[in-house]
Amino acid sequence: MSDSICDLAGQNCVPCEGGIPALSPAEAQALMHQLHQDWVLADDASYLERDFRFKGFAKAVYTTNAACFLADQQNHHPDIRMGWGYCTVRFCTHAVNGLSDNDFICAAKLDAIVNS
């Protein structure tokens with residue numbers, strides 16, 4: 001794991017009530033290199049998503065539970081879809097109608113959990 005991912009994963013989310021601009025597409029793209037290569041940035045930089053694939057149900061449940069636990073700890077909640085063999089996690093900051101640093105912090109923390 002690179003130092004930049006460790007640095008981002010070492011941060012904590014700050015409460016966001018809106019009133020700040022969403023990250024620009026350029027700002028969001030600049031942060032992408034700090035995440036696992038499987039994260040996908042929406043073309044309009046409105047969300048960040050990673051699709052986890054497994055051979056079975058249990059690992060999809062474990063990954064979903066890890067994402068839920070992280071969300072509860074950070075008070076920053078992704079949209080999660082899961083089923084047999086997959087878990088898809090999507091981060092965005094609804095209060096800014098786009099991405100914030102919190103989304104990248106949580107994505108990096110999730111990377112650290114699932115890649116450990």
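Colleague: Is asparagine 97 buried or exposed?

Modeller: In this predicted model, local features need pLDDT of at least 70, side-chain atom pairs count only at pLDDT 80 or more, and totals for chains, interfaces and linings use all residues. Residues are numbered from 1 along each chain as its sequence is written, and side-chain values use heavy atoms, without hydrogens and water. Buried means under 20% relative accessible area, exposed over 50% and partly exposed in between, with a 1.4 Å probe and protein chains only. Asparagine 97 has 71% relative accessibility and therefore counts as exposed.

Colleague: Where is asparagine 97 found, and what is its phi?

Modeller: Asparagine 97 lies in the loop between strand 4 and helix 4; helices (H or I, at least four residues) and strands (E, at least two) are DSSP runs, numbered from the N terminus. Its phi is positive although the residue is not glycine, with a value near 55°.

Colleague: Is alanine 45 buried or exposed?

Modeller: Alanine 45 has its place in the loop between strand 1 (40-41) and strand 2. Its phi, near 60°, is positive in a residue other than glycine. With a relative accessibility of 4%, alanine 45 counts as buried.

Colleague: Which residues of helix 4 make the contact with helix 3?

Modeller: Contact means heavy atoms within 4.5 Å. Helix 3 contributes Thr63, Ala66, Ala67, Leu70 and Gln74, and helix 4 contributes Cys106, Lys109, Leu110, Ile113 and Val114.

Colleague: Which residues does threonine 63 touch?

Modeller: Threonine 63 is found in helix 3 and is buried, at a relative accessible area of 7%. Leaving out residues up to four places away in sequence, threonine 63 touches Phe52, Phe54, Cys87 and Val114.

Colleague: Which residues of the largest nonpolar core touch the most other members?

Modeller: A nonpolar core is a set of buried Ala, Val, Leu, Ile, Met, Phe, Trp, Tyr and Cys residues joined through side-chain atoms within 4.5 Å. Of the 24 residues in the largest such core, those touching the most other members are Leu35, Trp39, Leu48, Val89 and Phe104.
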